[in-house]
Amino acid sequence: MAAIIEVNNIEDTIKRLRNGEVGIIPSDTIYGISSLVTEEAMERIYEIKERPQSKKLIVLSDKNSLESLGLIVPDEILSLWPSPLTVILPTKEGETLAVRVPDDKYLSSLLSETGPLFSTSVNISGKPSLETFEDIYPVFSEKVDFIVRKENIVKGESSTLLDATKRPCRIIRQG
């Protein structure tokens, strides 16, 4: 059974993430299934969501950690963050990574302590995203280690997704 953590108890969330746990946290857009950026956690998220591994996860980061991810970030993209904008960027190794720098005080505090986090919408692959704690808990309480409850969440919207691997950039999903 997933532990329920109140949003004001950020220390417990940080501890759990650092211990390799996978949890559900509120973001600047919608709730997300999140973990540290590790191979084990990534595999667990795919299992929890019943998601094909061909669909990559996004990474939440603060601006200070972007370089540690090996990303090539054009200045015009950097100037758009923080915001609900996820951008697919090239890495120095020739791969691609979708990353967002969230505009949210809670997430900014969390990311400054944990470093980058995997995040993906809270749903079973192919089904609609769940947006409230009351909808999320019955479906995911047996699948994740913890769920952060935040009261009074305004109905969220997925972030805009921009592919910046080619010029001109193109919008893949409007948020």
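Here is a dialogue on a predicted model and the terms used for it.

Student: What are the ground rules?

Tutor: This is a predicted model, so local features need pLDDT of at least 70, side-chain atom pairs count only at pLDDT 80 or more, and totals for chains, interfaces and linings use all residues. Residues are numbered from 1 along each chain as its sequence is written, and side-chain values use heavy atoms, with hydrogens and water left out.

Student: How many helices and strands does the protein chain have, and what makes a run count as one?

Tutor: The protein chain has 5 helices and 10 strands. Both are DSSP runs, numbered from the N terminus: helices are H or I with at least four residues, strands are E with at least two.

Student: Why is Ser-35 called buried?

Tutor: Buried means under 20% relative accessible area, exposed over 50%, and partly exposed in between, with a 1.4 Å probe and protein chains only. Ser-35 has 0%, so Ser-35 is buried. Ser-35 sits in strand 3. Over the protein chain, buried residues make up 50% of the 175 residues.

Student: Which residues does Ser-35 contact, leaving aside neighbours within four places in sequence?

Tutor: Contact means heavy atoms within 4.5 Å. By that test Ser-35 is in contact with Leu-17, Glu-21, Val-22, Ala-41, Ile-45, Leu-117 and Phe-118. One of these, Leu-17, is also a buried residue of helix 1 (residues 10–18).

Student: What do the buried residues of helix 1 pack against?

Tutor: They pack against strand 1, strand 2, strand 3, helix 4, strand 7 and strand 8. The buried set is Ile-10, Asp-12, Thr-13, Ile-14, Arg-16 and Leu-17. After helix 1 comes Gly-20, with a positive phi near 90°.

Student: What makes Pro-74 buried?

Tutor: Its relative accessible area is 16%, and the limit is under 20%, so Pro-74 is buried. Pro-74 lies in the loop between strand 4 (58–60) and helix 3 (75–78). Pro-74 touches Leu-89 and Arg-167, not counting residues up to four places away in sequence. From Ser-35, Pro-74 is 39 residues away in sequence and 27 Å away in space, C-alpha to C-alpha.

Student: Why is strand 5 called largely enclosed?

Tutor: Strand 5 (residues 85–90) has 6 residues and 5 of them are buried, so the rest of the structure largely encloses it.

Student: How do you know that strand 5 pairs with strand 6 and with strand 9?

Tutor: Two strands pair if DSSP finds at least two bridges between them. Strand 5 and strand 6 (residues 96–100) have 5 bridges and run antiparallel. Strand 5 and strand 9 have 4 bridges and run parallel. Both counts meet the cut-off, so both are pairs.

Student: Which residues stand opposite each other there?

Tutor: Leu-89 stands opposite Leu-97 in strand 6. In strand 9, Thr-160 is opposite Leu-85, and Leu-161 is opposite Thr-86. The hairpin of strand 5 and strand 6 has 5 residues between the strands, and Gly-94 in the turn has a positive phi of about 90°.

Student: What joins strand 9 to strand 10?

Tutor: 3 bridges join strand 9 (residues 160–163) to strand 10 (residues 170–173), and the strands run antiparallel. Leu-161 has Arg-173 as its bridge partner in strand 10. The two strands form a hairpin with 6 residues between them.

Student: Which way do the residues of strand 9 point?

Tutor: Thr-160 and Leu-162 point one way, Leu-161 and Asp-163 the other way, and all are buried.
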